[in-house]
Amino acid sequence: MKQERAARTREALVQAAAEAFDRAGFHGTSLGRISKAAGISMGALTFHFPTKDELADTVQLRGLTVTREGVQRLLTGREAALETVVDLTLELAALLQEEAVVRAAARLTRERESAPAGMLWPSSWLPAVEDLLEAMPAGQLRAGCDPRTVLALVGHLVAGVESYLRSCAAQGCDTCKSAPEQLARIWELALYGIRCGRGG
């Protein structure tokens, strides 16, 4: 019973911290704010997470885990193709839209100088994109289109989705519900320039 209660307390703290880090960032969030949001005493919080860095590490790791699981589900049974790269970015857009812990992991990656290198959010999905591009059969990209440029495009598009969602949240609007759809439309335009046999 005590173990179950401790697990519930820990989970509530991680969720409250994810939402707080997502909204206010690492430096704008205090342990007191997280404690209040979770409805859990400071004593209980510091028992589970003695420092803000330890709590941020846990949130970041959770965000990476959720992202890796989403990417792995999407890749299961899929071929290395340009369409798979596109679908992977749409999955990332959906995760950023729906999961506070993923948005928090992305933000904490930028804001925490002390974060371990292995816990940077792009490490949970960028290697998969690199592998897809390296294994992509010849003839899928337009002649002269460097896969490294496509990789850079993916990075910019994913960063753009996160920025768009943050802008929507700051303005208090709900148009962010369309983030994956907007990204899909952007890809429709971009593919004319990079896919073999398309474009002017």
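This is a tutorial dialogue on how to read a predicted protein model.

Reader: What should I know about the model before I start?

Author: It is a predicted model in which residues are numbered from 1 along each chain as its sequence is written, and side-chain values use heavy atoms, with hydrogens and water left out. Local features need pLDDT of at least 70 and side-chain atom pairs count only at pLDDT 80 or more, while totals for chains, interfaces and linings use all residues.

Reader: How many helices and strands are there in the protein?

Author: Helices (H or I, at least four residues) and strands (E, at least two) are DSSP runs, numbered from the N terminus. Here the protein has nine helices and zero strands, and its C-alpha trace spans about 65 × 35 × 30 Å along the principal axes.

Reader: What span should helix α4 have, and what is the distance between its end C-alpha atoms?

Author: The expected span of a helix is 1.5 Å times one less than its number of residues. For α4 (residues 52–75), with 24 residues, that gives 34 Å, and the end C-alpha atoms are 34 Å apart, which agrees. After α4 comes Gly77, whose phi is positive, near 80°. Helix α9 (residues 179–194) has 16 residues and reaches 22 Å from its first C-alpha to its last, close to the 22 Å expected.

Reader: Which residues of α9 are buried, and what do they pack against?

Author: Buried means under 20% relative accessible area, exposed over 50%, and partly exposed in between, with a 1.4 Å probe and protein chains only. In α9 the buried residues are Ala179, Pro180, Leu183, Trp187, Leu191 and Ile194, and they pack against α5 and α8. Over the 200 residues of the protein, 42% count as buried.

Reader: Is Val14 buried or exposed, and which residues does it touch?

Author: Val14, in helix α1, counts as buried because its relative accessibility is 1%. Contact means heavy atoms within 4.5 Å, and, not counting residues up to four places away in sequence, Val14 touches Phe49, Thr58, Val59 and Arg62. Val14 and Phe49 are 35 residues apart in sequence, yet 9.7 Å apart in space, C-alpha to C-alpha.

Reader: Where is Glu162 found, and which residues is it in contact with?

Author: Glu162 lies in helix α8 and counts as buried, since its relative accessibility is 9%. Leaving aside neighbours within four places in sequence, Glu162 is in contact with Leu96, Arg103, Ala106, Arg107 and Arg110.

Reader: Where is Ser124 found, and what does its side chain reach?

Author: Ser124 is in the loop between α6 (100–111) and α7 (126–135), and at 6% relative accessibility it counts as buried. The side chain of Ser124 reaches the backbone oxygen of Trp121 at 2.6 Å. Beyond neighbours within four places in sequence, the contacts of Ser124 are Leu64, Thr67, Arg68 and Val71.

Reader: How much space lies in the largest pocket, and which residues are closest to its centre?

Author: Rolling a probe the size of a water molecule over the atoms shows where empty space is left. On a 1 Å grid over the protein atoms alone, a pocket is an open set of points where a 1.4 Å probe fits, with protein on both sides within 12 Å along at least five of seven lines, and lining residues have an atom within 4 Å of a point. The largest pocket holds about 190 Å³ of space. Of the 11 residues that line the largest pocket, the closest to its centre are Asp22, Arg103, Leu165, Arg166 and Ala169. The largest share of the lining, four residues, comes from α8.

Conventions:
A polar contact is a pair of N or O atoms within 3.5 Å; within protein, one must be able to donate a hydrogen and the other to accept it, and residues adjacent in sequence count only if both atoms are side-chain atoms. Grid points are joined across faces, edges and corners, and a volume is the space filled by probe spheres set on the points.
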